[in-house]
Number of protein chains: 2
Amino acid sequence: MRVYFATSNVHKVEEAKHVAREYGVELIPTQAPKIELQSDNLRDVAVYAAVLAYQHVKAPVIVEDAGLFIIALKGFPGPYSSYVYKTIGVNGLLKLMEGVEDRRAYFLSVVAFAYSEGVKVFYGRVDGEIAREARGSKGFGFDPIFIPKGSTKTFAEMDVEEKNRYSHRAQAIRRFCEWLVNEGPSHL
Amino acid sequence: MRVYFATSNVHKVEEAKHVAREYGVELIPTQAPKIELQSDNLRDVAVYAAVLAYQHVKAPVIVEDAGLFIIALKGFPGPYSSYVYKTIGVNGLLKLMEGVEDRRAYFLSVVAFAYSEGVKVFYGRVDGEIAREARGSKGFGFDPIFIPKGSTKTFAEMDVEEKNRYSHRAQAIRRFCEWLVNEGPSHL
């Protein structure tokens with residue numbers, strides 16, 4: 001089964017492909033024009049982007065949106081993680097967390113699948129904590145400062161296979177693939 | 001002349017009304033459903049919101065969007081200022097600016113006016129710097145840490161009249177009113 005994946009992030013593609021392959025699902029990267037809603041709600045953003053991507057690609061397509069939510073910062077940077085990454089970056093978040101004892105955070109991923117029958121949404125979430133300093137050079141974004149529960153490594157210290165055992169994105173893609181294979185439209 | 005102002009921010013209304021009154025323009029607050037584009041571009045956000053507001057109000061309407069851009073933080077929080085205010089707030093920005101010598105920042109305001117003939121956009125900008133600590137309790141948002149060039153007070157230490165002598169929003173509203181009175185549609 002082949003499904004388009006509208007994104008310009010090569011890291012996302014690599015992570016998602018690894019997971020999808022296990023289900024016999026082939027993800028084909030495509031760069032649909034991406035107009036994002038400004039919303040505090042990841043789901044709205046992903047659904048809106050998926051509908052636009054579907055209009056463009058004219059074939060079944062997924063969009064994935066993710067955010068890092070830090071409890072002590074009231075969820076910041078949340079849905080605006082990629083903008084915050086581009087501006088204050090990893091060091092900015094570490095600075096905001098200086099002297100903060102509550103390090104709890106989670107990554108949330110939303111996969112929106114748009115196809116002829118509408119849009120379906122799948123979630124993934126990984127709880128963990130913000131590291132005291134950046135570690136590792138793999139992955140992307142805030143991976144160097146996120147340690148998932150059950151590990152002592154940051155995401156940036158893991159290769160794709162290991163990160164996918166924990167990651168929010170892998171979970172959401174897995175849920176999507178399970179649905180697609182078992183209950184999805186058979187004509188894909 | 002009467003023009004609707006789609007916003008749920010009473011501070012914005014108060015500031016804008018003060019200015020508009022000088023031009024004989026009456027701004028009528030209204031709460032149009034506001035769907036915001038997620039874009040790094042304030043203009044896009046304002047234009048999109050104004051078009052939606054016009055469809056709802058079915059009468060000439062303005063939308064105003066503003067952001068605080070801090071040079072040393074690559075423009076952060078910029079278009080996401082209100083989300084950043086709600087999460088890490090004034091203290092978060094002060095923390096990010098600890099030990100940072102370059103305090104330069106500016107507020108940008110975009111007023112988008114939607115009417116039967118299309119959309120017109122007006123800008124206002126005020127340069128200044130980020131204070132070392134929060135001062136004052138007037139205004140809203142990041143006013144307690146912004147000192148406009150030409151003053152030693154923060155925006156939050158000024159009453160509306162004084163803030164309007166400097167402010168990005170007052171400038172943009174003034175430009176809009178000048179256009180409306182001199183070149184705008186005569187049937188308003």
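Which residues have the most contacts inside the largest nonpolar core?

## Model and nonpolar core

The structure is a predicted model. The predictor assigns the complex an ipTM of 0.70 and a pTM of 0.81. For chain A the average pLDDT is 93, and 95% of the residues score at least 70.

The largest nonpolar core comprises 124 residues, and those with the most contacts inside it are A:Ala50, A:Ala112, B:Ala50 and B:Ala112. In soluble globular proteins, nonpolar side chains tend to be buried together.

## Strand S1 of chain A

Strand S1(A) spans residues 2–6, and because four of its five residues are buried, S1(A) is largely enclosed by the rest of the structure. S1(A) runs parallel to strand S2 (residues 26–30) of chain A, and five bridges join the two. The chain passes from S1(A) to S2(A) by way of helix H1 (residues 10–21), a β-α-β crossover that is right-handed. Within this pairing, A:Tyr4 stands opposite A:Ile28, and A:Phe5 stands opposite A:Pro29.

S1(A) also pairs with strand S4 (residues 61–70) of chain A, again in the parallel sense, over two bridges. Here the bridge partner of A:Tyr4 is A:Val61.

Helix H6(A) covers residues 168–182. Its 15 residues should span 21 Å at 1.5 Å a residue, and its end C-alpha atoms are 21 Å apart, which agrees.

The buried residues of H6(A) are A:His168, A:Arg169, A:Ala170, A:Gln171, A:Ala172, A:Ile173, A:Arg174, A:Phe176, A:Cys177 and A:Leu180. These buried residues pack against helices H1 and H5 (160–166) and against strands S4, S6 (104–115) and S7 (118–130) of chain A. An α-helix has 3.6 residues a turn, so residues three or four places apart point the same way.

Helix H2(B) consists of 16 residues, 42–57, and reaches 22 Å from its first C-alpha to its last, close to the 22 Å expected at 1.5 Å a residue. Its buried residues are B:Leu42, B:Val45, B:Ala46, B:Val47, B:Tyr48, B:Ala49, B:Ala50, B:Leu52, B:Ala53 and B:Tyr54.

B:Lys58 is a residue other than glycine with a positive phi, near 60°. B:Lys58 counts as exposed because it has 10 C-beta neighbours inside 10 Å. Along the chain, B:Lys58 and B:Ser8 are 50 residues apart, and their C-alpha atoms are separated by 18 Å.

Most residues other than glycine have a negative phi, and most peptide bonds are trans. In chain A, the peptide bond joining A:Phe76 and A:Pro77 is cis, with omega about 0°. A:Pro77 belongs to strand S5 (residues 77–78) of chain A. In chain B, the bond from B:Phe76 to B:Pro77 is cis, with omega near -5°, and B:Pro77 lies in strand S5 (residues 77–78) of chain B.

A:Lys74 is found in the loop between S4 and S5 of chain A. A:Lys74 is not a glycine, yet its phi is positive, about 55°. With 13 C-beta neighbours inside 10 Å, A:Lys74 counts as partly exposed.

## Tyr166 of chain B

Is B:Tyr166 buried or exposed? B:Tyr166 counts as buried, because it has 22 C-beta neighbours inside 10 Å. The residue is part of helix H5 (residues 160–166) of chain B.

Leaving aside neighbours within four places in sequence, B:Tyr166 is in contact with B:Val126, B:Pro148, B:Gly150 and B:Ser151. B:Tyr166 and B:Lys149 are 17 residues apart in sequence, and the distance between their C-alpha atoms is 8.3 Å.

Terms used: Residues numbered from 1 in each chain as written. Chains lettered and ligands numbered in written order. Predicted model: local features only at pLDDT ≥ 70, side-chain atom pairs only at ≥ 80, totals over all residues. Expected span 1.5 Å × (residues − 1). Buried ≥ 20, exposed ≤ 12 C-beta atoms within 10 Å, placed from the backbone. Contact = placed C-beta atoms within 7 Å. Pairing = 2+ DSSP bridges. Right-handed = clockwise from strand over helix to strand, strands pointing away. pLDDT = per-residue confidence, 0-100. Core = buried A, V, L, I, M, F, W, Y, C linked by C-beta atoms within 7 Å.
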